Amino acid sequence: MINHKRRKGLLSLLAEHSNASVEQLCQWLNASAATVRRDIAWLAERNLLNRIRGGAERLAPKKNAFALSGESFQASIERFPAQKRAIARYAASLCEDGETIIINGGSTTFMMAEFLAHKQLKILTNSFLMAERLLTTSENQIIVPGGQVYREQNVILSPFDNDITQHHYAAKMFMGVYGLSMLGLMEADPLLIQAEKRLLSQAEQLIVLIDSSKFTRKAGLILCGLNRVNCLITDTAVDDAMVQMVEQAGARVVTVAPEAEAVLQD
């Protein structure tokens, strides 16, 4: 059995039986004990089950099983909307007809949809709201990954490595993140980190869309270092020291004022 199918089957069995021994899982999955133990370890590392003595158990349900850690999409899109719209407008101007691009789920990246309506692009996005909007307002080709829909964050995520994203290469990836520090791009949820790293591996250039408030936000998970960023687009309220920090890592920084033209930091 292919790895991702067997692991999905293992999780389904735990969902049904709550917990199971390695011996039981071997019988149900027709797999060796060594294989089952490796699968349990792989899934436990990704916080998809709990390892117990001699087997595994399903995770206790969260208060909201369909939400990730961090701010909801609705709360995020209501914060600094003018700044985010200006950032999104500039980001969309970097897209050239015929390109394949990746856009991750986020409030600022979602605003790019308005400015991509007249483009001719192939767009891979894990934002189901962006996919829906572009399908109804543009002629762009839209690709979405398989997985679970997380309504509060407006993203589609899969816990498995073998999904549609591995078959698509993109010239550019446009990404919004929870926060940014000298350590790199920060996120608040391990499942989100896992999915975004897969998307990131398929893109040549990484373009980060982040309003200036995100420079002071801290999270416990590092997505990637600043040296992976090719271009960062933010608003004019960003602190000069933060701009210098990003530029020293090798990224180009563009600042935009709401309803104004972009200013490139040389």
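Biologist: Are Arg7 and Asp39 buried or exposed?
Modeller: Arg7 is buried, and Asp39 is buried too. The word has cut-offs: buried is under 20% relative accessible area, exposed is over 50%, and partly exposed lies in between, with a 1.4 Å probe and protein chains only. Before we go on, this is a predicted model, where local features need pLDDT of at least 70 and side-chain atom pairs count only at pLDDT 80 or more, while totals for chains, interfaces and linings use all residues. Residues are numbered from 1 along each chain as its sequence is written, and side-chain values use heavy atoms, leaving out hydrogens and water.

Biologist: How do you know that Asp39 counts as buried?
Modeller: Its relative accessible area is 1%, and the limit is under 20%, so Asp39 is buried. Arg6, at 7%, is buried as well.

Biologist: What makes the contact between Arg6 and Asp39 a salt bridge?
Modeller: The term asks for a side-chain nitrogen of Lys or Arg within 4 Å of a carboxyl oxygen of Asp or Glu. For Arg6 and Asp39 the N to O distance is 2.4 Å, so the pair qualifies. The two partners are 33 residues apart, Arg6 in helix α1 (residues 3–17) and Asp39 in helix α3 (residues 33–45). Helices here are DSSP runs of H or I with at least four residues, strands are runs of E with at least two, and both are numbered from the N terminus.

Biologist: How do you know that Arg7 and Asp39 also form a salt bridge?
Modeller: Their N to O distance is 3.1 Å, so the pair meets the same definition. Arg7 in α1 and Asp39 in α3 are 32 residues apart.

Biologist: Why is α1 called oblique to α2?
Modeller: The angle between them is about 120 degrees, and their axes are 11 Å apart. Axes are lines fitted to C-alpha atoms, for helices over the stretch in contact, with angles from 0 to 180 degrees between N-to-C directions. Under 35 degrees is roughly parallel, over 145 roughly antiparallel, 65 to 115 roughly perpendicular and the rest oblique. That is why α1 is oblique to α2.

Biologist: And what makes α2 roughly perpendicular to α3?
Modeller: Their axes cross at roughly 105 degrees and come within 9 Å, so α2 is roughly perpendicular to α3. Val22, Leu25 and Cys26 of α2 meet Ala33, Val36, Arg37 and Ile40 of α3, where contact means heavy atoms within 4.5 Å.

Biologist: How do you know that Gln194 is buried?
Modeller: Gln194 has 11% relative accessibility, so it counts as buried. Gln194 belongs to helix α9 (residues 190–200).
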